[in-house]
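Welcome, and thanks for taking a look at this one. Here is a short briefing on a pocket, some charged pairs, a helix and a few backbone details.

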Amino acid sequence: MNRQNDNLMNLLTSDIEPKISIILPIHPETPQAESNLLTYKNLLKDVKKDLTYNYPRREWMTMVDRLEALTLDRNLWNNNSNKALLIFANSEAMEICKMSHTVLAKEHVGNTFLVQDLLLPEEQMDRPDYLINISRDRINIFDVDTMQEVELAGIHDKFSDYYSDFDANSNLNSGSYGGMTATYHGHRTKSEEQQKDQMIYYQYLDKKLMELHQGIGYTFILAGLPEALDVYLNSYDNDKYIAGIMHGSILNLTHNQLSDRIQEYFAFERNADIEKIKHSVNSAKEQNRVINDLNIIDFALNNRDVKSLVSFNDGSSYSVEHNILLIKSLINKISCRVVYTPGDTSYPSMNAILY
């Protein structure tokens, strides 16, 4: 989750009840838009039933009106970049979180929000904005969400546009004659001159990409053949705008193949993050710094003895007790992560790593 979202954090840490959580899968295909809306209406009907049985009407009518108004927002149900929506609300506020992973439909009314889907590795990763394929004298830029090729304002995507004297198609020498002596000026025929042009262009790209990162916050995945990508990375591999690397050119891939490649990239990053989380739990366990009892964890959180909190489950259940501890860790600014491990019961469901 984005902890810089002050409105969301204020809502999640609010003491005002009842607290409503609606967890909704989104099917992006156009024919499924009505299905998305129908699922939401059914969940909202269950929410109203829970509220009617357990809370005075005056405590939730305004909140339900806001939730019902969402049925008129067609963009919410037709947005093909979302796989799920998490809707949190109480009488003070409402927040909608768009998820990139699939969920099971669920609603909950009570004294806590169900936040575990916000804390999965795939939702914690900073998603890059663009994928750039680097060649020797040009780049191709793709939007990561749509996989469509785009242009970024202010960036020359060809060296010939940046350096107008450069002629990529010329292999000729130009000659000027004075008396009996001919003086020749070689025009991009030597490999060292091509390498010089390459380095000039890469230096320009690095400057422009850094400006976009510092000014707007853009980050990029870089791809390309080794003779271009490796040369670029030899000089700029530590720059903050580089979010990841995809080895190999992507220029001859179809749209579907490119989408598959980017999904493979994100799956690899997610799995690497999960292994890192497991390693941290295992290492702390060897040092007797892990506790699993929920009551003891709650006591340790209150005493600020917890360094991080890790929840493992199969992704099909939402323990209220677990979510209360997760929210408490958010309030205390303690690192908390949730990992879905269906079929793997080798880890306790809740792990608090102590200092």
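A residue counts as buried under 20% relative accessible area, as exposed over 50%, and as partly exposed in between. Glu 211 has 34% relative accessibility, so Glu 211 is partly exposed on that scale. Please keep in mind that this is a predicted model.

**Salt bridges**

- Side chains of opposite charge can pair when their charged atoms come close.
- How many salt bridges does a search of the whole structure find? The search finds 13 of them.
- Asp 137 and Arg 138 form another salt bridge, with the closest N and O atoms 3.2 Å apart. Asp 137 is buried because its relative accessibility is 10%, whereas Arg 138 is partly exposed with a relative accessible area of 32%.
- Arg 136 joins the picture here too: Arg 136, Asp 137 and Arg 138 are linked in a network of salt bridges.
- Lys 158 pairs with Asp 157, and the closest N and O atoms of this salt bridge are 3.7 Å apart. Lys 158 is partly exposed, at 32% relative accessibility.

**The second largest pocket**

- The volume of the second largest pocket is about 310 Å³.
- Its lining includes Gln 124, Met 125, Asp 126 and Pro 128, along with Thr 219 and Ala 243. Also among the lining residues are Tyr 265, Phe 266, Glu 269, Ala 272, Asp 273 and Lys 276.
- Which element gives the largest share of this lining? That is helix H9 (residues 255-286), with six residues.
- Sorted by class, the lining holds six nonpolar, two polar and four charged residues.

**Helix H9**

- H9 is made of 32 residues and spans 47 Å from its first C-alpha to its last, close to the 46 Å expected at 1.5 Å a residue.
- Its buried residues include Tyr 265, Phe 266 and Asp 273, and these three also line the second largest pocket.
- Others among the buried residues of H9 are Leu 258, Ile 262, Ile 274, Ile 277, Lys 278, Val 281 and Ala 284.
- Just past the end of H9, Asn 288 adopts a positive phi of about 60°.

**Backbone details in the loops**

- Most residues other than glycine have a negative phi, and most peptide bonds are trans.
- Glu 17 and Pro 18 are joined by a cis peptide bond, with omega about 0°. Pro 18 sits in the loop between helix H1 (6-12) and strand S1 (19-25).
- Met 147 has a positive phi, near 60°, and is not a glycine. Met 147 belongs to the loop between strand S6 (139-143) and strand S7 (149-150).
- Arg 304 is another non-glycine residue with a positive phi, about 60°, and its place is the loop between helix H10 (294-302) and strand S13 (306-313).
- Are these two residues buried or exposed? Met 147 is buried at 5% relative accessibility, while Arg 304 is exposed with a relative accessible area of 53%.

**A buried serine**

- Ser 329 lies in helix H11 (residues 320-331) and is buried, with a relative accessible area of 0%.
- Leaving aside residues up to four places away in sequence, Ser 329 touches Leu 301, Leu 309, Ile 334 and Cys 336.

Conventions
Residues numbered from 1 in each chain as written. Predicted model: local features only at pLDDT ≥ 70, side-chain atom pairs only at ≥ 80, totals over all residues. Heavy atoms only, no water. 1 Å grid on protein atoms, 1.4 Å probe; cavity = no way out; pocket = protein on both sides within 12 Å on 5 of 7 lines; lining within 4 Å. Points joined across faces, edges and corners; volume = space filled by probe spheres on them. Helix = DSSP H or I, 4+ residues; strand = E, 2+ residues; numbered from the N terminus. Nonpolar A, V, L, I, M, F, W, Y, C, P; charged D, E, K, R; others polar. Salt bridge = Lys/Arg side-chain N within 4 Å of Asp/Glu carboxyl O. Buried < 20%, exposed > 50% of the residue type's maximum accessible area, 1.4 Å probe, protein only. Contact = heavy atoms within 4.5 Å. Expected span 1.5 Å × (residues − 1).
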